[in-house]
Amino acid sequence: MLLRYRLHRSGLRGGLTVRAVTLDRPGGPEVLRVRDLARPRLRGGWALIRVMALGLNRSELFTRRGLSPGVSLPRVLGIECAGVVEESSDPGFPVGAAVAAAMGGMGRQFDGSYAQYALLPAAQLLRLDSALPWTTLGALPESYLTAHGSLEALRLRPGHRLLIRAATSSVGTAALALAAGRNVEIAATTRDPRKADALRALGADHVILDAGAGIRDAVRAVWSDGADRVLDLVGGAAVLDSLAALSAGGSVCNSGILSDTWTIPGFEPLEDIPSGATLTTFSSSEINRGGWAQGALDGIVRAVESGDCPVAVDRIFRLQDMADAHRYMEANRAIGKVVAVVHHP
């Protein structure tokens, strides 16, 4: 049975406390602590969001380990959420409106979504107009908008042959779901052969097992002249392997660092980028820039509602079980998104 958290009065400043998961010091999952904090006070240009559900992200594992620069502790982690406006200083987001948010400093520069309530800049809120379950909506903001932006950066077009590396990750399954309706041929990689059937069910035409020794030959066994587009979510040295798997004039977009490696060792552009090919990136920090995210999220929600875009929610945790959720993610057991649900009185 899911726990219903109590919002209760106390002697803390503001008179109300809320349940949150805090990081006081870097370490393993056990350092995440469930505690009562003073409910955030509204200030100009911000809105208080009653968090209903949130997606977990590997960047939160990095922050927990102490690997995210510029993060001061203690901190409430969580870089995305879906919920309801509880208090607002912006008439564009009235009380009771359903919203989503991602990135923009959440869980890093200021407290994020591992809590019953999150105080967020109104400028980064995205409207939600849907009867989809909160656990589905909570899985969308970071992963699906990152996948959408990555496919746009690749200039993916009908007829292309698309390779998605680390396709069982949350962004990988989102990209697979979004690309499957674009009349493209898709190859998806995984290190675990037990996940192959799940990738095919999500729309992969081919599944390639990535044993870590390079996939160029395996890709060319599927497409003799290589992939037209590669979405690389592994990062590090894998990007060089992705470039080697390209067809003439192809493109690689690196949008993740699941290898935990921020740089490409020994990268020599003149040698490693095939003539006429392109190497680009997409960072989820772009979600709050350029004003494109609202329209993109609207389209994603409509596609999910119609059944054209499946959402791979692998497992749902409770807020107080966030340490177990981190252990689950670190074990690489998920196919798609890990979500946490927050219940209110």
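Eleven residues of domain 1 are in contact with 14 residues of domain 2, in a model that is predicted. The protein chain is divided so that domain 1 takes in residues 17–139 together with 311–341, while domain 2 covers residues 151–285. Between the C-alpha centres of domain 1 and domain 2 there is a distance of 29 Å.

**Buried area**

- About 1,000 Å² of area is buried between domain 1 and domain 2, and carbon and sulfur atoms account for 61% of that area.
- On the side of domain 1, the residues that lose the most area to domain 2 are Phe-62, Met-103 and Ile-335, which together make up 46% of what that side buries.

**Salt bridge and polar contacts**

- Between domain 1 and domain 2 the count is one salt bridge.
- A salt bridge joins the side chains of Arg-65 and Asp-260, with a distance of 3.6 Å from N to O.
- Three residue pairs are counted in polar contact between domain 1 and domain 2, with both residues of each pair at pLDDT 80 or more.

**Make-up of the domain 1 side**

- Helix H1, which spans residues 58–65, supplies three residues to the side of domain 1 that touches domain 2, and this is the largest share of that side.
- When the residues on the side of domain 1 that touches domain 2 are sorted by kind, five are nonpolar, two are polar and four are charged.

Conventions: Residues numbered from 1 in each chain as written. Predicted model: local features only at pLDDT ≥ 70, side-chain atom pairs only at ≥ 80, totals over all residues. Heavy atoms only, no water. Domains from an automatic or database assignment. Contact = heavy atoms within 4.5 Å. Buried area = accessible area lost by both parts, 1.4 Å probe. Salt bridge = Lys/Arg side-chain N within 4 Å of Asp/Glu carboxyl O. Polar contact = N/O pair within 3.5 Å; in protein donor to acceptor, adjacent residues only side chain to side chain. Helix = DSSP H or I, 4+ residues; strand = E, 2+ residues; numbered from the N terminus. Nonpolar A, V, L, I, M, F, W, Y, C, P; charged D, E, K, R; others polar.
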